[in-house]
Amino acid sequence: MNDVKTDAGFKKFLVIWMGELISNIGTGMTAFGLGVYVWQLTKSALDVAMVEMAALLPMILFSPAAGVLADRFDRRLLMIIGDCVSGLGLILLLVLMNTGNIQVWQICLCVGFSSAFASLLDPAYKATLTDLLSEDEYAKASGMVGIASSSKFLISPIIGGLILAFYSMELIIIIDILTLAVTVSTILFVRKSLSVKPLEKKDLDFFKDLKEGWQIIVESKGVMLLIVLVSVLMFYMGIIQVLSKPMILSFASEKTTGILQTVVACGMMVSSILIGTGIIKRNFVKVMVVSFVVSGITMAGFGATTSIPVIIISGFLFFASLPFATTCIDVLIRKSIDNEKQGRAWGLISLISQIGFVVAYVIAGVLADYVFNPALVEGGILANSVGKIIGTGETRGIGFLIILSGVGLIITALFVSKSKGIREMEKQKDTELIPTEQSI
């Protein structure tokens, strides 16, 4: 950790943050575009889920190793390598698309290659924030990181939808590649002016370092509970992320779908801006519980109808509620782990917390195509019961699955409100904050 963290550190964070914002826009455009592209190609929610899985699974599996590297080597250099090599996967995807006969498995292969090297980014990026910032800047930075993350949903879908309506998927990939170049430039700029703390010379032992990272996590019961909580949240988010596009595309155009996703994601942007002002100071558990309840109710509303106005309102409130929960979780975990060990810790945290996403991506498409959608078409097993309430049709089963996921979020909120380990963690951090008058 830097011995002194001044405004200069926050300015350097802003430079890296701007690069990540631009990169996230490009990544979000590709993610949105590929979802639409594959759905139009095969009309299969399972195929869409397979591509989503190919983008997610390598990043999750390699994140622990990436975390170890982030504690051993220059974190900014790792971010540069990750961006540059992951761009090669996008270039290969572009070449295959230009052949005019690309297959879903080829898309999965290219996306998976890109994801594997992009895994270097997350632990190094999160640990870099701790390098640059003081503790009282964590929440503000978390809000800004939320703004950059929300750009995938706020800005990318509308741009991607317009490009698909008037041009092609190939143009989206070209733009994504160019955004990576911008990100690398910002990291290089900061790296030149940022001193790197010399690391102790010792043999690289992945298994030993991973064991140390695991011990760091399990030392605090509260930290482990929070990580499991994030995994549960990721599961329900994975359900809506995989299935929302097929559901909406069944009754709307790709242009309308992109605009709709942009509008609802404004909720995340609004919340991230509010959090960035330092609105969250304490009462973390209460904020998380309320956030989970609101997320569950609005998620259920999102899946309950084909009315675009209702979907927009429900989706907006759903996205608006999420940053409050994730910010509380992020700050509590970050303050509980020494900076020198944060790389390997965040790598394992990413692995554990993203298990929910993996499970959702594995089962969502299968459940949609072979269980829920057939049950809610005319003559389906649920057509005369649930179908009377939410309607029947090609993708109303997806809507019902999203409703059930919303109910699951509400149940999760009840667990959080009763968790003694998480409440004790909050009391401990509040005690630490009082003497220094630090706000979270």
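Me: How many residues has the largest nonpolar core, and which have the most contacts inside it?
Reply: The largest nonpolar core has 95 residues. Leu243 and Met288 have the most contacts inside it. A nonpolar core here is a set of buried Ala, Val, Leu, Ile, Met, Phe, Trp, Tyr and Cys residues joined through side-chain atoms within 4.5 Å. Buried means under 20% relative accessible area, exposed over 50%, and partly exposed in between, with a 1.4 Å probe and protein chains only.

Me: Which helix gives the most to this core?
Reply: Helix α10, residues 221–249, with 18 residues. Helices (H or I, at least four residues) and strands (E, at least two) are DSSP runs, numbered from the N terminus.

Me: And where does this core lie?
Reply: Domain 1 (1–192) and domain 2 (220–426) both give residues to this core, so it lies between them. The domain bounds come from an automatic or database assignment.

Me: Where do the numbers come from?
Reply: This is a predicted model, where local features need pLDDT of at least 70, side-chain atom pairs count only at pLDDT 80 or more, and totals for chains, interfaces and linings use all residues. Residues are numbered from 1 along each chain as its sequence is written, and side-chain values use heavy atoms, with hydrogens and water left out.

Me: Back to Leu243. What is Leu243 in contact with?
Reply: Ala45, Ala364, Ala368, Ile398 and Leu401, leaving aside neighbours within four places in sequence. Contact means heavy atoms within 4.5 Å.

Me: Now α2 and α15. How do their axes cross?
Reply: At roughly 175 degrees, and the axes come within 9 Å. Helix α2 is residues 45–72 and helix α15 is residues 355–375. Axes are lines fitted to C-alpha atoms, for helices over the stretch in contact, and angles run from 0 to 180 degrees between N-to-C directions.

Me: Roughly parallel or antiparallel?
Reply: That angle makes α2 roughly antiparallel to α15. Angles under 35 degrees count as roughly parallel, over 145 as roughly antiparallel, 65 to 115 as roughly perpendicular and the rest as oblique.

Me: Which residues make the contact?
Reply: On α2, they include Ala45, Ala49, Met53 and Leu57. On α15, they include Val358, Tyr361, Gly365 and Ala368.

Me: Switching to Gly33. Buried or exposed?
Reply: Gly33 is buried, at 0% relative accessible area. Gly33 lies in helix α1, residues 7–42.

Me: What does Gly33 touch?
Reply: Leu164, Met169 and Ile172, not counting residues up to four places away in sequence.

Me: Whole chain: how many helices and strands?
Reply: The protein chain has 18 helices and 0 strands. Of its 440 residues, 57% count as buried.
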